[in-house]
Amino acid sequence: MRVGVLTGGGDCPGLNAVIRGIVRKGVQEYGYDFTGFKDGWRGPLEGATVRLDIPAVRGILPRGGTILGSSRTNPLKAENGIRRVKENLAKQEVDALIVIGGEDTLGVAARLNDEYGVPCVGVPKTIDNDLSGTDYTFGFDTAVGIATEAIDRLHTTAESHMRVLVVEVMGRHAGWIALHSGLAGGANVILIPEQPFDLEQVCSWVTSRFKASYAPIVVVAEGALPKDGDAVLKDGTLDSFGHVRLSGVGEWLAKEIEKRTGKEARTTVLGHVQRGGTPSAFDRWLATRFGLHAIDAVRDGDFGKMVALRGTDIVRVPIAEATARLKTVDPALYSEVSVFFG
Ligand code: F6P
């Protein structure tokens, strides 16, 4: 049995831990051979491979990024994409593919498996934690840890100057990172894509925080939008995924807060720092377990399935089901956290 492995979409701390789990168990327990495909779906599309064996995965557990490389290439959008993928898999004598990715990458795996007979097993990956079917994705805990540390640090500089500090975190469609890091870091306002925000309300929370002699920290997810549609139409742009974004929402918000409250405001955009570097212990644990269970799914011939965390168990769910809709923040959970606003 030869198993192909690829990592697609935005990189994420823990990818190497999954790869190591797959290869270690696959070689040691089942005697499988592996082919690493380079840069996500570009690998099978163009026949770009990397060696993947025990020496190749030695020492990679704590390393961020992915030894296989990643991209957002979509073979379903490429000319003769399906035929080329199938031909290259056959050329490499690959019997099954383990696809490690988020909604887009796994969406391709679901279609290749269900409609075109390419045997795929999925592993959920995203710092955004917005994949359905799993309680958590690896990478999320690391990203939340990095954002929380940044918020902790920003509190002291905000207090020293009695300024508003706006912290923009990742999350185009879901506010999980904003919600978790905002709560953990004691933010005074948390704004998420799921709940369009009222600028006047934000300013009144900011003002009340100053009245209590504290400097407010506002955490905003990059995909959060104000209720005021005019502002979105004026400043909104389409991002590389074709979604409306108020580009630079953090900067925009700080300017508006300054204008409306008369208080000095600054913005920190955390960006890709949230995705880089070594994974947390939890993410190494989760990613490794996902890898071990993914190779078991291959051994069982249980294709079209994604490994997922339910409580403390790793289960298998249809990839198509997990990628059918995003897992967003429930309004009840947001309102639970809003007791700390202002
Ligand atoms: O999906 C992961 C993610 O990091 C999002 O949080 C972010 O919006 C996006 O990827 C950024 O993509 P890129 O690295 O291609 O700019």
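Reader: Which domains does the shell around the ligand draw residues from?
Author: At least three residues come from each of domain 1 (2-138 + 279-322) and domain 2 (142-276). Those bounds come from an automatic or database domain assignment. This is a predicted model: local features need pLDDT of at least 70, side-chain atom pairs count only at pLDDT 80 or more, and totals for chains, interfaces and linings use all residues. Residues are numbered from 1 along each chain as its sequence is written.

Reader: OK, which residues surround the ligand?
Author: G10, G102, T126, I127, D128, M170, G171, R172, E222 and R275. Each has its C-beta atom, placed from the backbone, within 6 Å of the ligand.

Reader: And how many residues of domain 1 are in contact with domain 2?
Author: 12 residues of domain 1 are in contact with 12 of domain 2. Contact needs C-beta atoms, placed from the backbone, within 7 Å. The domain centres, taken over C-alpha atoms, are 33 Å apart.

Reader: Switching to helices. At what angle do helix 6 and helix 7 cross?
Author: Roughly 45°, with the axes of helix 6 (residues 140-161) and helix 7 (residues 176-184) coming within 8 Å. The helices are DSSP runs (H or I, at least four residues), numbered from the N terminus. Axes are lines fitted to C-alpha atoms over the stretch in contact, and angles run from 0 to 180 degrees between N-to-C directions.

Reader: Which residues make that contact?
Author: F140, A143, V144, A147, T148 and I151 of helix 6 meet W176, I177, H180, S181 and A184 of helix 7.

Key:
Two residues are in contact if their C-beta atoms, placed from the backbone, lie within 7 Å. Helices (H or I, at least four residues) and strands (E, at least two) are DSSP runs, numbered from the N terminus.
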